[in-house]
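Student: Hey, can we go through this protein together? I'd like to know how to read it.

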Amino acid sequence: MTSPTSPTTPRRSHTKSRTGCAMCKRRHIRCDETLPQCKNCTKYSCRCPYQDLPENGHRELIATKANLMWTSEIKAEIRSWQQIGRSSFPSLCFFPAIPFEKISLEDLRLIHHVASISTELSASNSSNFTIWVRQVPLFLEIGATYNFVMHSLLALSASHLAWLTGCSLTANIAFEHRGVALKGLHEAIGSFLRENSDAVLAASLLLSWQATEWLVGTEAALHTFLINFRRDWTRLMHGTSSIIDAMQPWKDESRFEDFIVEKSTFPTAPPSPDTPLNYPKHTDLDALQLASLQLRKLEAYVKNDIEGTEAVAQLINFVEGLRRLSPSHTTTQRFDMLDPLRTWLLWLPVRYVQQAQMPLSTFVVLAYYYTIALIVEPLFPEIGAAYFGSLSLNPIEEIARRLVSLNACETSQEDFQTALNFMAYPMDMAYKFRIRMGLVLPERVALLRQVIFAHHARAMARSMS
């Protein structure tokens with residue numbers, strides 16, 4: 001018998017989970033609070049009580065626990081929006097205005113996130129280095145009138161925050177907004193008119209950019225969702241192409257005229273997700289090999305920049321993986337192979353451009369990320385690779401224009417000459433992509449190419465002398 005005075009093993013303490021599921025509380029185990037099915041309930045193959053929460057309670061719990069990168073300054077600013085009914089962000093100054101007092105704090109945080117990025121990058125004249133930031137003011141303005149457009153934008157904002165934080169609950173918020181947006185988009189397409197055509201196209205574009213989805217749940221549920229998403233995304237791209245066709249009679253009046261002009265970059269038909277495809281052409285594989293060689297040179301150029309070195313190494317591994325592409329890879333598998341590049345193109349440029357003093361080498365690294373989107377287009381025509389290629393044209397050319405402008409002020413610095421020399425490859429690939437897609441080469445871009453290749457020729461002459 002143990003003596004009352006004999007030492008006993010202390011009870012192991014743990015942090016209480018006040019909002020854990022009822023099943024974990026009954027078992028007296030810590031709940032990870034993953035919605036809609038916590039990991040413990042998944043482990044024990046039982047239905048999680050989270051799944052029985054009413055819709056409002058479910059959403060409130062997600063909103064409370066999701067990491068939306070709140071700060072005291074952001075909270076105060078949003079409270080001010082609700083009190084005075086307006087914002088100081090230029091991207092939110094339009095009529096009719098967004099009714100801030102009728103919107104939840106969570107959604108206002110998502111609006112604040114994209115509006116603040118837009119304002120910051122516009123102030124530094126850098127929004128054109130990204131795929132989506134320069135369009136944010138227009139999306140917000142259209143979203144003030146059409147809810148399904150606003151939900152599409154809020155989904156994009158939440159997806160970006162989920163990528164920054166790695167928070168699965170924030171990703172769930174994005175997922176919910178996408179669902180509402182898709183439902184509203186389908187209804188709007190059913191009553192498609194000239195008056196709502198820009199709104200329909202805006203939502204289609206926003207949703208098509210969100211090719212990488214975040215979803216927390218069981219492995220089987222995730223697998224099923226991803227299969228459905230790949231199919232739905234391809235259908236969405238096909239639908240967007242049809243919308244653009246319908247808008248041709250009034251394309252000059254549309255605020256998305258550039259996208260309508262580049263309609264050739266959208267897939268024309270949704271293929272079966274498991275259809276085997278042809279073997280890649282030798283010329284396309286040769287282009288991948290050349291891209292690898294160029295990236296190796298770039299890796300040596302950025303060797304003193306840790307972040308730049310990691311970014312280039314990541315891109316090299318991606319390109320090397322694509323060289324293993326074969327006819328046995330189905331459309332679904334090819335979608336997965338291309339998926340990392342879509343994610344990088346959406347989010348990495350924003351992170352780099354937000355740096356207080358972006359190094360010259362970072363400009364070049366960004367340009368090469370966009371260039372790889374142009375290179376892989378012939379390998380993945382059936383899943384809309386050309387679409388992301390066309391979105392990459394403007395950032396490549398804007399980066400080249402910025403470097404040329406900076407060089408004009410600092411002609412004696414060798415760093416600028418080296419950066420411009422590295423831009424010859426992206427500009428050449430951009431030109432070839434335009435030719436392949438039948439896109440017009442603007443005069444200002446043609447002049448920019450001449451300047452870049454003149455620098456490149458001088459650099460080659462110096463290296464040979």
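Student: What should I know before I start?

Tutor: This is a predicted model, where local features need pLDDT of at least 70 and side-chain atom pairs count only at pLDDT 80 or more, while totals for chains, interfaces and linings use all residues. Residues are numbered from 1 along each chain as its sequence is written, and side-chain values use heavy atoms, with hydrogens and water left out.

Student: Okay, how many helices and strands does the protein chain have?

Tutor: The protein chain has 19 helices and zero strands. Those are DSSP runs numbered from the N terminus: H or I with at least four residues for helices, E with at least two for strands.

Student: And what percentage of the residues count as buried?

Tutor: Of the 465 residues, 50% do. Buried means under 20% relative accessible area, exposed means over 50%, and partly exposed is in between, using a 1.4 Å probe and protein chains only.

Student: Which way do helix 7 and helix 8 run relative to each other?

Tutor: Helix 7 (residues 147-165) and helix 8 (residues 168-190) pack at about 160°, with axes 8 Å apart, and are therefore roughly antiparallel. The residues making the contact include Phe 148 and His 151 of helix 7 and Thr 170 and Ala 171 of helix 8.

Student: Where do those words and angles come from?

Tutor: Axes are lines fitted to C-alpha atoms, for helices over the stretch in contact, and angles run from 0 to 180 degrees between N-to-C directions. Under 35 degrees counts as roughly parallel, over 145 as roughly antiparallel, 65 to 115 as roughly perpendicular, and the rest as oblique. Contact means heavy atoms within 4.5 Å.

Student: How do helix 13 and helix 14 cross?

Tutor: The axes of helix 13 (residues 306-322) and helix 14 (residues 331-353) come within 11 Å and cross at roughly 160°. That pair is therefore roughly antiparallel. Among the residues that meet there are Phe 318 in helix 13 and Trp 344 in helix 14.

Student: Is Gly 20 buried or exposed?

Tutor: Gly 20 is buried, with a relative accessible area of 9%. Gly 20 sits in the segment before helix 1 (22-27), and its C-alpha is 7.2 Å from that of Asp 32, twelve residues apart along the chain.

Student: What about the backbone, which residues have a positive phi?

Tutor: His 28 is one of them, with phi of about 60° although it is not a glycine. Another is Asn 125, where phi is near 55°. His 28 counts as exposed at 69% relative accessibility, and Asn 125 counts as exposed at 54%.

Student: Last one: where's a cis peptide bond?

Tutor: A cis peptide bond joins Phe 95 and Pro 96, with omega about 0°. Pro 96 lies in the loop between helix 4 (72-84) and helix 5.
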